Amino acid sequence: MAKRLLDRMFSGRLLAVTNSGTAVGLFAFGDVLQQKLIEKRERIDWPRTSRMAAMGLLIGPLNHYWYAFLDRRWAGTTHRLVITKVLLDEVAYAPIGTSVFYIGMGTLEKKPLSESWAELREKFLPTYMVDWQFWPAVQLVNFYLVPTKYRVLVVNLATLCWNAFLSYMKHKPTGATESEAAAATQSSNVESAV
């Protein structure tokens with residue numbers, strides 16, 4: 001029965017729903033991990049986590065259709081095809097996904113568009129540089145070894161770590177150096193403990 005349910009969830013029209021739903025849950029969970037394990041908050045900022053989940057609802061379908069496109073256009077697992085897909089993922093999709101994340105989060109936070117653009121300009125390059133260190137290895141394994149219908153699930157699972165990083169970058173004070181960001185996080189921990 002469980003196998004039949006999984007087969008249904010990872011095929012046909014339900015695949016997009018499954019991929020989007022896992023993205024929502026894992027975006028939220030990544031933020032909770034960031035708040036509890038990295039920021040060491042005693043209480044979770046649920047509105048913030050809800051905004052991260054909403055971004056999962058936006059980015060989940062984008063991931064679904066992007067990876068479906070890659071697998072239709074460049075079907076197969078030869079070295080050349082896999083490298084092509086990884087490079088396209090990094091050069092074409094990663095900048096779009098990163099931009100959608102920062103602008104979308106700013107919109108959900110009711111920030112003026114000019115402020116969201118300023119944050120994107122400041123945080124894009126550091127985020128994109130870490131993206132290049134994380135995603136190519138994940139995608140090499142994903143495109144070589146994972147059946148097409150499970151690829152977005154693998155991306156969503158890897159995104160759990162990535163979302164904790166995105167949450168860190170997003171909620172790091174704009175214009176802050178690393179030491180200032182750490183001090184701000186420490187200060188908010190002290191305030192929440194009081």
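Which helix supplies the largest share of the lining of the largest cavity? The model to search for an answer is a predicted one. Helix α4 gives that largest share, with seven residues.

Start with the cavity itself. The whole structure holds one cavity of 30 Å³ or more. About 260 Å³ of space lies inside the largest cavity. Its lining is made of 18 residues. Nearest the centre are Asn63, Tyr93, Asp131, Trp135 and Trp162. Helices α3, α4, α5 and α6 each supply at least two lining residues. By class, the lining has 10 nonpolar, five polar and three charged residues.

Turn next to the nonpolar core. The largest one has 26 residues. Within this core, Tyr67 and Phe101 touch the most other members. The elements that give two or more residues to the core are α3 (46-73), α4 (79-108), α5 (113-145) and α6 (151-171). Beyond its neighbours within four places in sequence, Tyr67 is in contact with Asp89, Tyr93, Gln139, Phe143, Val152 and Val155.

Ser116 sits in helix α5. Is Ser116 buried or exposed? Ser116 has a relative accessible area of 1%, so it counts as buried. Setting aside neighbours within four places, its contacts are Tyr102, Ile103, Gly106, Thr107 and Lys111. Tyr102 is 14 residues away from Ser116 along the chain, yet their C-alpha atoms are separated by 6.7 Å.

Now for the charged pairs. Side chains of opposite charge can pair when their charged atoms come close. The count here comes to 11 salt bridges. One of them joins Arg51 and Glu109, with the closest N and O atoms 4.0 Å apart. Arg51 lies in helix α3 and Glu109 in the loop between α4 and α5, so this pair ties together parts that are 58 residues apart in sequence. Arg51 is partly exposed, at 22% relative accessible area. Glu109 is also partly exposed, at 22%.

Lys170 belongs to helix α6, so here the tie is between parts 61 residues apart in sequence. Lys170 is buried, at 3% relative accessible area.

A further salt bridge links Glu119 with Lys111, the closest N and O atoms being 3.9 Å apart. Glu119 is buried, at 2%, whereas Lys111 is partly exposed, at 26%. Shared partners join Arg51, Glu109, Lys111, Glu119, Lys123 and Lys170 into one network of salt bridges.

Notes
Residues are numbered from 1 along each chain as its sequence is written. This is a predicted model: local features need pLDDT of at least 70, side-chain atom pairs count only at pLDDT 80 or more; totals for chains, interfaces and linings use all residues. Side-chain values use heavy atoms; hydrogens and water are left out. A nonpolar core is a set of buried Ala, Val, Leu, Ile, Met, Phe, Trp, Tyr and Cys residues joined through side-chain atoms within 4.5 Å. Buried means under 20% relative accessible area, exposed over 50%, partly exposed in between (1.4 Å probe, protein chains only). Helices (H or I, at least four residues) and strands (E, at least two) are DSSP runs, numbered from the N terminus. Contact means heavy atoms within 4.5 Å. On a 1 Å grid over the protein atoms alone, a cavity is a set of points where a 1.4 Å probe fits but cannot get out, and a pocket is an open set with protein on both sides within 12 Å along at least five of seven lines; lining residues have an atom within 4 Å of a point. Grid points are joined across faces, edges and corners, and a volume is the space filled by probe spheres set on the points. Ala, Val, Leu, Ile, Met, Phe, Trp, Tyr, Cys and Pro count as nonpolar, Asp, Glu, Lys and Arg as charged, and the others, Gly among them, as polar. A salt bridge is a side-chain nitrogen of Lys or Arg within 4 Å of a carboxyl oxygen of Asp or Glu.
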